Amino acid sequence: MSKSLSILGGMAVAGVLAAGGWYASQHSEASLITAAQAQEASAEQSTVQTLPDVVLGQEDAPVTVIEYASYTCPHCADWHAGEFPKLKAEYIDTGKVKFIQREVYFDKFGLWAGLIAQCGGDMKYYAISNMLYDKQREWIGDGKQQTIVNNLHKIGLQAGLTKDQITTCMNDEKRAEQLVATYQKNASADKIDATPSFIINGTKYSNMSWGDFKKILDDDLAKAAN
């Protein structure tokens with residue numbers, strides 16, 4: 001089961017990014033990003049630099065798995081709890097699969113989570129990302145802005161980030177614009193309409209059982225070996 005990607009293409013960047021000075025009022029004197037700034041960012045979206053993928057596993061692995069997922073998608077959290085550990089142990093850690101996660105943003109909360117995930121750089125990205133999925137219900141809590149931002153702040157601290165690092169990342173307007181631009185470019189190119197979705201060696205797949213996922217991987221590995 002997947003979450004429908006209803007905001008693809010027509011997503012209003014301002015609606016996703018705009019937080020006024022709310023995060024900042026909790027943790028800093030600077031504002032995260034204003035609605036006016038986000039509207040301007042939307043108008044200039046074509047000029048925003050997109051970000052490279054963060055690779056987990058060997059760069060030259062014969063099979064590439066790209067997952068499109070949202071930190072606020074329950075089915076994505078379920079996949080990371082159940083299937084991802086098997087994928088990592090059997091295929092990524094053994095050099096058979098190169099894994100790439102591409103973030104999808106349904107709402108500003110998912111984007112804020114993305115800013116936290118990216119805050120520790122590439123070396124900490126997947127560790128923090130996994131924490132966000134593992135603790136999804138906890139950090140979303142009652143769904144209120146103050147609850148969510150405070151809980152994301154706690155996750156950042158648990159991941160070894162400093163308070164200053166977290167505040168800087170959560171107020172990084174340029175990075176937020178780049179994350180949204182990267183999401184829009186990649187999801188549009190791959191025609192992503194739900195999360196989680198997967199691109200395995202160039203072919204798109206919907207969410208599936210581990211047995212079906214494993215069969216696709218094994219078939220592609222056999223082709224690569226011939």
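The largest nonpolar core of this predicted model has 62 residues, and those touching the most other members are V65, L87, F99, L132, F213 and L217. A nonpolar core here is a set of buried Ala, Val, Leu, Ile, Met, Phe, Trp, Tyr and Cys residues joined through side-chain atoms within 4.5 Å. Buried means under 20% relative accessible area, with exposed over 50% and partly exposed in between, for a 1.4 Å probe and protein chains only. Helix 6 (residues 108-118) supplies the largest share of this core, seven residues. Helices (H or I, at least four residues) and strands (E, at least two) are DSSP runs, numbered from the N terminus.

Let us look at L132 next. Setting aside neighbours within four places in sequence, L132 is in contact (heavy atoms within 4.5 Å) with Y71, A113, A117, W139, L152 and I155.

Now to helix 5. In helix 5 (residues 84-92), the buried residues are F84, L87, Y91 and I92. They lie on the same side of helix 5 because they cover an arc of only 75° around the axis, taken from the directions from the helix axis to the C-beta atoms. Their packing partners are strand 2 (55-56), helix 4, strand 4, helix 7 and helix 12 (210-225).

The pockets come next. On a 1 Å grid over the protein atoms alone, a pocket is an open set of points where a 1.4 Å probe fits, with protein on both sides within 12 Å along at least five of seven lines; lining residues have an atom within 4 Å of a point. A volume is the space filled by probe spheres set on the points, which are joined across faces, edges and corners.

| Pocket | Space | Lining by class |
|---|---|---|
| Largest | About 230 Å³ | seven nonpolar, four polar, five charged residues |

Of the 16 residues lining the largest pocket, L51, P52, D53, Q118 and T182 are the closest to its centre. Helix 11 gives the most to this lining, with five residues.

The lining of the second largest pocket includes P74, D78, Y133 and R137. Helix 4 provides the largest share of that lining, four residues.

Residues are numbered from 1 along each chain as its sequence is written. In this predicted model, local features need pLDDT of at least 70 and side-chain atom pairs count only at pLDDT 80 or more, while totals for chains, interfaces and linings use all residues; side-chain values use heavy atoms, with hydrogens and water left out.

How values were computed
Nonpolar A, V, L, I, M, F, W, Y, C, P; charged D, E, K, R; others polar.
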